[in-house]
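Student: I am new to this structure. Please take me through its salt bridges, one at a time.

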Amino acid sequence: HQAELEAANARHDLVATKSRTLMSEVDATGRYTYASPLFQDVLGYAPHEIVGKMFFYDFHPEAGREEFKR
């Protein structure tokens with residue numbers, strides 16, 4: 001399964017890079033399971049800094065973040 005996951009992520013990376021699009025996936029809790037390489041250029045975070053460590057709402061401004069999470 002690991003090889004299939006790596007192949008899928010490589011395809012996502014290629015599409016995101018060629019289209020210059022931020023692409024991501026999150027699990028049911030909102031934690032990132034995939035972040036395209038463009039996150040580094042746009043948000044200043046490398047994918048390895050986000051995946052498994054951050055939630056989609058972490059990028060929302062602090063003011064109103066709790067409400068946004070709900």
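Tutor: This is a predicted model, where local features need pLDDT of at least 70, side-chain atom pairs count only at pLDDT 80 or more, and totals for chains, interfaces and linings use all residues. Residues are numbered from 1 along each chain as its sequence is written, and side-chain values use heavy atoms, with hydrogens and water left out.

A search of the whole structure gives two salt bridges. The term means a side-chain nitrogen of Lys or Arg within 4 Å of a carboxyl oxygen of Asp or Glu.

Start with Arg20 and Asp41. Their side chains form a salt bridge, 3.7 Å from N to O. Arg20 sits in the loop between α1 (2-19) and β1 (24-26), and Asp41 in helix α2 (residues 38-43), so the pair ties together parts 21 residues apart in sequence. Helices (H or I, at least four residues) and strands (E, at least two) are DSSP runs, numbered from the N terminus. Both Arg20 and Asp41 are exposed. Exposed means over 50% relative accessible area, buried under 20%, and partly exposed in between (1.4 Å probe, protein chains only).

Now the other pair. Lys69 bridges to Glu66, with the closest N and O atoms 3.5 Å apart. Lys69 and Glu66 are three residues apart in helix α4 (residues 65-69), so about one helical turn separates them. Lys69 is partly exposed, at 38% relative accessible area. Glu66 is also partly exposed, with 48% relative accessibility.
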